Amino acid sequence: MVITNSIKSLRFLVIFIACLMVGPAFGQLNQIDYNVPKEYEIGEVKVEGANYSDENAIINLSGLRVGDRITLPGEKISEAVRKLWKLKLFTNVKIIKSREVGDVVFILIQIEERPRLSKFTYTGVKKMYHDDLDGALEPFLIKGSSVTTNTKQNSINAIKKYFIEKGFLDVSVNVNEKEDNPKLNTISLEFEITRNEKVKIETISFSGNTNVKDKKLRKQMKNTKHKKRLFAKSRLVKKELEEDKAAIITFYNKIGYRDAKIIKDSVWRNEDGYLQLHLDVQEGGQYYFRNITWKGNTIHDDKRLTALLGIQKGDVYNLELLETRLRFSPDGRDVSTLYLDDGYLFFRVDPIEIAISNDSIDIEMRMVEGPKATIDKVVIQGNTITHEHVIRRELWTKPGAKFSRSDLIRSQRQIIGLGYFDPEKLGMNTPVNPERGTVDIEYVVEERPSDQLELSAGWGGFSGVIGTLGFQFNNFSLRNILNKKAWRPLPKGDGQKLSLRAQTNSRFYQSYNFSFSEPWLGGKKPNSFTLGGFYTRFDRTLYSQGVLTIGRGFVGLGSQLKWPDNNFISNTTINIENIQLENYGFGGFRFEGQNVTDGNYNNFSLKQVIARSTVFEPTFPRSGSKISLTMQFTPPYSLFRKNKDYDNLDIQDRFRWLEYHKWRLDAEWYATLVGKLVFKASAKMGLLGFYNRDVGLSPFERFELGGDGLSNQSIGITGRDILALRGYETTDIEPNNEGGGTLFNKFSVELRYPLSLQENSTIFVLGFLDGGNSWIGGENYNPFDLKRSAGIGLRVFLPMFGLLGFDYGFGFDKPGLIATGAKWGEFGKFSIILGFEPD
């Protein structure tokens, strides 16, 4: 009896364990004999409990389909349950047999849905962090998705990581789950964030560095700083620390320590809560270059390659310098450029260390010169406004020509120089076909706004209506002006420039300007054509200061030169100008101590400009130079004048037709010092001379320094060249009070740093040192007598509105203020720049 009961109990236990093992795998199945598996045909599959989920999607994802043959119990049910659990959308999944008819089974999938996320919020931190936190949680939290324990934990970790990278190592995060809408089964999450104080690095120390000082090593760490550094962010981010450790090793490699490595780093917190960072360095020995040999070169001999490499026996071993001289040097002094400019696109060189003896290393340059590559296709993509021929005519890479790296770089600069495309997003691809020995060139551009609008209006009370309306279309299309479909809102895409501007101060001032330029006259060569004119009238009769009227027309032709190199251009312009003075005493025109207030003066001149430019980023140049020589001549009328008794001629008769020769030399140079920091240096000088001493110096066309140069928006609009000198008023420069100088010098240096280089705005700050002065007559010229100033500035370039700038400069050389003991604030001057940089 006992044995029988034991057997029955054992059998019951086995069945019970089997149920526990099989049951969770595939839910519950009604009326199934687990000892006798049976094959069925699925007659129906239904879902129960899917209030917010798609029933058909659940059935499809389960893999159970009507008409399939399955065995109950069997693996297919278990697999279906696993698939549905894997979705992480449900808190419970059961698959049961609702009924059977013969060998046909009807299956019911029972589910309990997880709550869905409706929203998530933050507490404990300012709103400025919310957008960044949303981005950090984007991979984990999606509105409408289910919320699991893992989801919440991953979100907490992402928030912690975000703040830890900002130096908040003690940040804590809690998440509260709140029922949002029971009917929709939705919840909201609230993240309680406590940042606590930032944990800064108090000290960064080193050991093992016997040849390099700690300070020098800390300088290599661009991301990880200690709190003693002024204005430096002190925080510890693991990824940034690894980058800084690599930078330290790179520095060691540059000075010959090729085996240098960081053995370990240690981080701990002191009793004050600050971090202590210690790096243990193993420097190794310092190495030097010994013998450098070449192998595989047939086109250029060893002597030429060694000279180009520029590394001598005994130089400190610098692998980075070696790679630069082999692969790519900004100045073009590298072996690869020598071959790539000659079409050897498949060229390869590998430096191999073949011997190491004590502190000396022998290098063998193993080369594969390969065949020359020919350009097959030149493809341009992304130009949605600019017509393709406008871009293609700027390219130096032509189909059928041999490949040249220099031509590729020059083409890139030419495209940037157009000003129609975002320089940060310009892409170049060079897919090669080794079998055919060809390469395709692909230029990928992204258009950016290039037109400019100037609009202002107001009521000046007694003056009446004042306002300015100006348009500058930098990518105009004259040939499509009659094509209605091309007006979007104006015909664009041919690279022409059209400028229209009107300005009025009602009673006192009116100005109208027009100019048009075609950079490729005829479409075959870069010969430019420019046509323009302006009319300006100053009326100060209400102040008994008369009227000044100036009208000018000009036409110019320019061309690109091939000698001395193809960066030179020539531009020739013919100007005709009329200046009328009617008792106008406000202009400051003077001749030999006399005010020039009346008369009708004509100015017919020929202007010749020879310029060279390697600056291809117009809004924020980072490299290159510009130099230009401008010569302006009038005919020598005095040679043909019958009445040469100039002592008895009044000023109007003497200068009815102005005669002079005028010279300007302008130079600018840009270089990137480190990172985005750019250095600019410029020098400008000018001379106004005469043909005939008896006629004397013209009262017009002189040089005026000082002020912000705003009058220079239309050079010559007041009969002179106005050059900005930051920190000074025009009255601070003595020759300006005598009608302007006939000679001038101006020198300037700037440090520039960009805050934004986006396509919709270019913003940078600058610090400057200026020096300049002007003189009347060569006998008074003193190149060392300069008015000095220093200050800071800001430039904002918006594609639609052009340049907006502010400068604040201190003028150091103001004798009047110095004599009166003026305060420092009186030496400063605030200037505004509109449209473009003044001279």
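Buried means under 20% relative accessible area, exposed means over 50%, and partly exposed lies in between, with a 1.4 Å probe and protein chains only. By that scale arginine 726 is buried, because its relative accessible area is 10%. The model is predicted, so local features need pLDDT of at least 70 and side-chain atom pairs count only at pLDDT 80 or more, while totals for chains, interfaces and linings use all residues. Residues are numbered from 1 along each chain as its sequence is written, and side-chain values use heavy atoms, with hydrogens and water left out.

**Arginine 726**

- Arginine 726 sits in the loop between strand S32 (720–723) and strand S33 (743–758); helices (H or I, at least four residues) and strands (E, at least two) are DSSP runs numbered from the N terminus.
- Its side chain joins that of glutamate 750 through a polar contact of 3.1 Å. A polar contact is a pair of N or O atoms within 3.5 Å; within protein, one must be able to donate a hydrogen and the other to accept it, and residues adjacent in sequence count only if both atoms are side-chain atoms.

**Charged surface patches**

- Patches consist of residues with over 30% relative accessible area and no salt bridge, with like charges joined within 9 Å and nonpolar side chains (Val, Leu, Ile, Met, Phe, Trp, Tyr) within 5 Å. A salt bridge is a side-chain nitrogen of Lys or Arg within 4 Å of a carboxyl oxygen of Asp or Glu.
- Lys213, Lys215, Lys216, Lys219 and Lys222 form a positive surface patch.
- Lysine 222 belongs to the loop between helix H6 (214–220) and helix H7 (238–254), and counts as exposed because its relative accessibility is 56%.
- Asp131, Asp132, Asp134 and Glu138 form a negative surface patch.
- Aspartate 131 is in helix H4 (residues 130–137) and counts as exposed at 62% relative accessibility.

**Nonpolar surface patch**

- A nonpolar patch on the surface has about 990 Å² of accessible area together, and its residues include Leu455, Phe471, Ile574, Phe604 and Trp657. Strand S19 (465–476), strand S24 (568–582) and strand S27 (599–613) are the elements that give two or more residues to this nonpolar patch.
- Accessible areas come from the Shrake-Rupley method with a 1.4 Å probe.
- Isoleucine 574 is found in strand S24 and counts as partly exposed, at 40% relative accessibility.

**Glycine 816**

- Glycine 816 lies in helix H14 (residues 815–819) and is exposed, with a relative accessible area of 51%.
- Glycine 816 and aspartate 732 are 84 residues apart in sequence, and their C-alpha atoms are 8.9 Å apart in space.

Methods: Lys, Arg positive; Asp, Glu negative; His and termini not counted. Charge placed at Lys NZ, Arg CZ, Asp CG, Glu CD.
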